[in-house]
Amino acid sequence: MQNPLLQDFIFPPYDVIEPNHVCPAIQSLLLKLEKELVELENTVEPTWPKLVVPLEKIIDRLSVVWGIVNHLNSVKDSPHLRSAIEEIQPKKVEFQLRLRQSKPIYNAFKAIRSSSDWESLSDARKRVVQLKLKEAVLNGISLEHTKRERFNEIEQELEKLAQKFEENILDATKKFEKLINDEREIKGLPMTTLAIAADMAVHKGYEHATADTGPWAITLDGPMYRSVLQHACSRSLREEVFRAYVTRASDGSLNNTQIMERILELRLEKTKLLGYNNYAEVSFETKMATINKAKDLIENLRNASWNPAIQDMEDLRDLARDKGAEEAKDMNQWDINYWSERLRESKYDLNEEDLRPYFSLPKVLDGLFNLSKKLFEIEIEPADGTAPVWNRDVSFYKVKNSSSSTPIAYFYFDPYSRPSEKRGGAWMDVVVGRSSTLLLSDGTSPRLPICHVVCNQTPPTSDKPSLMTIREVETVFHEFGHALQHMLTEQNEGLVSGSQGIEWDAVEIASQFMENWCYQRDTILSIAKHYETGESLPEDVCLRILSARTFRAGSLLLRQLRYAGVDLELHTSYVPGGPESIYDIDQRIGTKTHPIPLLPEDRFLCSFSHIFADKYAAGYYSYQWAEVLSSDAFSAFEEAGLDNDESIREMGQKFRDTILALGGGKSPNEVFLEFRGREPTPDAFLRYNGLLPAIVA
């Protein structure tokens, strides 16, 4: 029987792919692609059909098949899959380097760049050429002999270290478990959390566990961790869970410390081989910003946020004092979320848990899909059964233009937390992208985009659907924004379609833009329907949610600025083996971003996947950079009039035609200008974060 990873599929056969398929499939595929690469190098000419078309096919085939393996590694982890990846990954990296360092291909791109036909190329084709030339340089094309060998050794080791870093976090998160029998300890925890904790206890062998009587198994899984920090009256429980969370993967066999130090050391060595001073310089070759502009942004936002954050802490202490709580004298990191939640309840008369019944996942999706229809004139329909899935909780959808019955894209949605096999966080991943080179089986239609949207939200229970917090609603909207940019691209050059080829500090624009709709009255009222009665959220509660949007915004922004600041510092001035350790740097930055000092033993960096196992190294600031742009983009809808359906539709079409459609085929600056008609300003961003007096449009 043919290996399912090598079948000719439109939708990956997720239901039959096993870990033992991985090595034979990748090995066989690499042999085939190596032959195709040799053929290309022997016949290459500086023309699109003789260079880019065959090259794209090689790149695409590997990225699709390896993407499937990588995806399963994230959502269906197992020891067998890990060892298969560990075994075959070096060969995959070796081929990628061989491809990116191909002199014949590089020279053909250079010839196109310097040819007399250059000016007649489309913007998208120019971008492809420029990106491929830059990619080759950053992948060591100009290095010779021993330097290139060393560069390739570094790349191999970095890939292994990133994989190990992620595995350690997953294992460390699974390792912590606290069984509670005494109901005094769980006082304050909402029934949603107790139901999950009892389910967890049942899985651990306590078959009679119930939400009402226990026992309850507390873990570090995202929804449970956040709930304990926000709601547990037991200060000692909050402290124990908080300390466990911020020291994950920092000791014993799962310790990521040496892995991080080695990653930073190798990045610096690679940087020097390429002729740069620090890794940030390499990273910023593919960004909109410069290092100095990114640092200025972080510092300006820090200054704007500091005094509001100090006031936030005073407000928490005042409330604790009013309640006669010991925290008033000694507020610590594990107290902040608990007292913030109590302050939100008293200030806005909002209880996050009381709101959950109004935000059931089916209703939230209905609202999100209706909003997408209104803004972008698309229909999103369930298509379960069309494509195989990797877990029974995964649903599948097709996307069509409102004016047509023909699908233009598809996506999978994997919403719930599965701590035993799924990594934490939320993300959008590409399955395949749109391309005119890679046609559908009819031989004429461009291939349609397909993606995964993955979250880790509160799972349903036996008698209730997944009931969400506002934060979880935001997360779904955010990831769906990424999916929209992938699915609604009209860019047929596959190497720059969707979010391909977009400067990294601009890839969050569409996702953060969608988040803004969660704080718009009509959107909230369209999704907030009680899951049992169907009644709408009362208007006054909706208005209180809108008022609470800027609650502690300064404090929350500072936390993000800590991550962004540490990331830039580690990649500009950290000296491996020098007098200041990575944790010293985190503590130093922390004094400027946290009104209450970080714990001396805080090892958050050990689980900072974004910069050690993902693409955000020297780029975490991108979230703030893109948020300035996305806020400015959303303010265009405010100016058009949020209650004017016709204007909103026109503005939505404009957003679709520019930000969503153009992909990496134009620079983000040009795309933004085309949408907004002017350069971006930070006013809307500051206003949405309560850091600028609200301007009445």
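# Chatting through a predicted model

Q: Where does Glu-377 lie?
A: Glu-377 is in the loop between H15 and strand E3 (378–382). Helices here (H or I, at least four residues) and strands (E, at least two) are DSSP runs, numbered from the N terminus.

Q: Before we go on, what kind of model is this?
A: This is a predicted model, where local features need pLDDT of at least 70 and side-chain atom pairs count only at pLDDT 80 or more, while totals for chains, interfaces and linings use all residues. Residues are numbered from 1 along each chain as its sequence is written, and side-chain values use heavy atoms, with hydrogens and water left out.

Q: Back to Glu-377, what's its phi?
A: Glu-377 has a positive phi of about 55 degrees, although it is not a glycine.

Q: How exposed is Glu-377?
A: Glu-377 is partly exposed, because its relative accessible area is 38%. The cut-offs are under 20% relative accessible area for buried, over 50% for exposed, and partly exposed in between (1.4 Å probe, protein chains only).

Q: Which other residue has a positive phi of about 55 degrees although it is not a glycine?
A: Ala-618 does. Ala-618 is in the loop between helix H22 (609–612) and H23, and Ala-618 counts as buried because its relative accessible area is 0%.

Q: What about peptide bonds, which residues does a cis one join?
A: Gly-214 and Pro-215 are joined by a cis peptide bond, with omega at about -5 degrees. Pro-215 sits in the loop between helix H7 (191–203) and strand E2 (216–218).

Q: Tell me about H15. How far does it reach?
A: H15 (residues 361–376) has 16 residues and spans 22 Å from first C-alpha to last, close to the expected 22 Å. That expectation is 1.5 Å times one less than the number of residues in the helix.

Q: Which residues of H15 are buried?
A: Among them are Leu-361, Val-364, Leu-365, Leu-368, Leu-375 and Phe-376.

Q: Some of those numbers are three or four apart. Why does that spacing matter in a helix?
A: An α-helix has 3.6 residues a turn, so residues three or four places apart point the same way.

Q: Which residues touch the most other members in the largest nonpolar core?
A: Of its 147 residues, those are Phe-359, Phe-376, Phe-411, Trp-517, Ile-545 and Leu-570. A nonpolar core is a set of buried Ala, Val, Leu, Ile, Met, Phe, Trp, Tyr and Cys residues joined through side-chain atoms within 4.5 Å. Helix H12 (residues 291–322) gives the largest share of this core, 10 residues. A second, separate core has 62 residues, including Leu-5 and Tyr-412.

Q: What is Ile-545 in contact with?
A: Leaving aside neighbours within four places in sequence, Ile-545 is in contact with Leu-350, Leu-355, Phe-359, Ile-470, Tyr-519, Ile-524 and Leu-537. Contact means heavy atoms within 4.5 Å.

Q: New topic: how many aromatic pairs are there?
A: A search of the whole structure finds 40. Rings of Phe, Tyr and Trp (its six-membered ring) pair if their centres lie within 6.5 Å; planes under 30 degrees apart count as stacked, over 60 as edge-to-face and the rest as tilted.

Q: What are Phe-396 and Tyr-412 like as a pair?
A: The ring centres of Phe-396 and Tyr-412 are 4.7 Å apart and their planes are at 55 degrees, so the pair is tilted. Phe-396 is in strand E4 (residues 395–401) and Tyr-412 in strand E5 (residues 407–416), so the pair ties together parts 16 residues apart in sequence.

Q: Are Phe-396 and Tyr-412 buried or exposed?
A: Both are buried.

Q: What about Phe-634 and Tyr-688?
A: Phe-634 and Tyr-688 form an edge-to-face pair, 6.1 Å centre to centre with 75 degrees between the planes. Phe-634 is in helix H23 (residues 622–640) and Tyr-688 in helix H26 (residues 683–688), 54 residues apart. One aromatic cluster includes Phe-634, Tyr-688, Phe-376 and Trp-517.

Q: Last one: where is Lys-92, and is Lys-92 buried or exposed?
A: Lys-92 lies in helix H3 (residues 79–100). Lys-92 is buried, because its relative accessible area is 3%. Setting aside neighbours within four places in sequence, Lys-92 is in contact with Leu-30, Leu-62, Trp-66 and Glu-159.
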